[in-house]
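Thank you all for coming.

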Amino acid sequence: MEKIRERFKQKKSSKAFGLRLKCEVHVSSSVFLKWILVQWNFLKFNVLHNMAEFYGSHPWHWYFTQGLPVVIGPHLPLFLHGCSLATKKHRILLITILWTTAVYSLLAHKEFRFVYPVLPFCMIFSGMSLAKLQACCLLLFNLIPALYTGLIHQRGSLDVMHDLRELCDPSDSQSSPELLFLMPCHSTPLYSHLHCPLKLRFLECPPDLTRNKEYVDEADVFFSNPLHWLQTSFPSQSTLPSHIVLFDALEKEISSFLEEKRFAKQAEIFHTHFPEGRVGRNILIYTRGSN
C-alpha cells in the first residue's frame with residue numbers, strides 16, 4: 001500500500017512539474033516572441049559559455065572561506081555550534097548546505113547572493129545553538145554588528161547621493177550640472193536616489209556578448225591609466241563636467257588633472273573603515289571653478 005501511495009505522489013509531482021514547465025515556456029516565449037527555455041539560457045550563459053566570469057572570478061574555496069561565512073555573518077559561531085549539536089534527522093539539511101555550496105564552487109564567478117538559498121537551513125542550526133545558550137548571546141552576536149553594518153559601514157554610497165540631490169534645484173534654470181562618477185561599476189544608486197534628470201556619466205562595465213578576447217570594459221580602461229583617459233575624454237574646457245565624484249584612493253593619481261582644470265574639493269564623505277582596492281575610505285566631490 002505504501003509503495004502505491006509513493007508511486008501516486010511521484011506521478012502527481014511529475015504532472016505538476018510538467019504543467020509548470022509548460023506554462024513557463026509559453027509565458028517566456030510570448031514575451032520574447034520565440035520559443036525559449038529560461039533555465040537552458042541560464043545554464044548556457046553561466047556554465048557552458050562561462051560569460052559570468054567577465055564580472056570576476058574567485059578561487060574554488062571562496063564560498064567556504066569567505067562567501068558563506070559572510071552571508072551567515074554574526075550567526076557563524078552559533079551555526080558552527082549548532083552543527084555539532086545536529087541529530088541524525090538534521091543531517092540531511094547539513095548535507096544540502098554542503099552540496100549546494102560545493103556545486104556553486106565549480107563556477108569561476110561567485111557572489112554572496114548565490115548562496116542565499118541555504119541561509120534558512122543555516123538559521124536552523126543557529127537556532128539549535130541558541131536553544132542551549134542564553135538570550136544575551138543573541139544581542140551580542142546580532143545587535144552590535146547589525147548597527148555597525150547598517151548605520152556606518154559603506155554608508156558613503158547613499159550619503160553622497162543625498163549631497164548631490166541638492167543640485168536638483170528647479171528654481172536655478174540657468175545652471176545644468178553635469179556629474180562624472182570615476183568609481184568602480186555600481187558604486188552608487190544614481191537616479192533611484194537623485195529623483196531629477198541631472199546629466200550623469202559613469203564608468204561602464206557591460207559584458208562582452210561578442211566573445212572578443214581583447215575586449216576591455218570602460219572601467220578597466222580608465223583604472224589602467226586614469227590621467228590618459230581623462231585627457232582623451234575631455235580634450236577641451238567646454239567638455240568638462242561640473243562635478244567629479246570619486247573615492248579618495250584615486251585622488252592622488254589624478255590630482256594634476258584636477259588642479260589643471262581648476263577643480264576644487266567640495267565635500268569629503270565617509271564611506272568605510274575598511275578600504276580595499278579601488279574603493280577608498282572616503283568619497284570626494286570635486287566642483288569645477290569658474291575660468
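Let me begin with Ser 105, which sits in the loop between α5 (91-104) and α6 (119-132), where helices (H or I, at least four residues) and strands (E, at least two) are DSSP runs, numbered from the N terminus. This is a predicted model, in which local features need pLDDT of at least 70 and side-chain atom pairs count only at pLDDT 80 or more, while totals for chains, interfaces and linings use all residues. Residues are numbered from 1 along each chain as its sequence is written, and side-chain values use heavy atoms, with hydrogens and water left out.

Is Ser 105 buried or exposed? Ser 105 is buried, with a relative accessible area of 9%, where buried means under 20% relative accessible area, exposed over 50%, and partly exposed in between, with a 1.4 Å probe and protein chains only. Leaving aside neighbours within four places in sequence, Ser 105 is in contact with Trp 60, Tyr 63, Phe 64 and Lys 110, contact meaning heavy atoms within 4.5 Å.

The buried residues of α5 are Leu 93, Ile 97, Thr 100 and Thr 101, and, seen down the axis of α5, they fall within an arc of 95°, so they line one face of the helix. That arc is taken from the directions from the helix axis to the C-beta atoms. As background, an α-helix has 3.6 residues a turn, so residues three or four places apart point the same way. The buried residues of α5 pack against α3 (62-72), α4 (76-85) and α6, whereas the face turned away from the buried side carries the exposed residues Ile 92, Ile 95 and Trp 99.

Let us turn to the sheet. Five strands form an open sheet with mixed pairing, in the order β2-β1-β3-β5-β4, and two strands pair if DSSP finds at least two bridges between them. The edge strands are β2 (199-202) and β4 (263-270), each of which pairs on one side only. At one end of that order, β1 and β2 run parallel and are joined by four bridges, with Leu 180 standing opposite Arg 201 in β2.

What about β5? Five of the seven residues of β5 are buried, so this strand is largely enclosed by the rest of the structure. β5 pairs with β3 in the antiparallel sense over five bridges, and here Ile 244 stands opposite Tyr 286. β5 also pairs with β4 in the antiparallel sense, over seven bridges, and there Glu 268 stands opposite Leu 284.

Finally, the largest nonpolar core has 19 residues, of which Leu 182, Phe 222, Trp 229, Leu 230, Ile 244 and Leu 246 touch the most other members. By a nonpolar core I mean a set of buried Ala, Val, Leu, Ile, Met, Phe, Trp, Tyr and Cys residues joined through side-chain atoms within 4.5 Å. The elements giving two or more residues to this core include β1 (178-182), α11 (226-233) and β3 (243-247), while α10 gives the most, with three residues.
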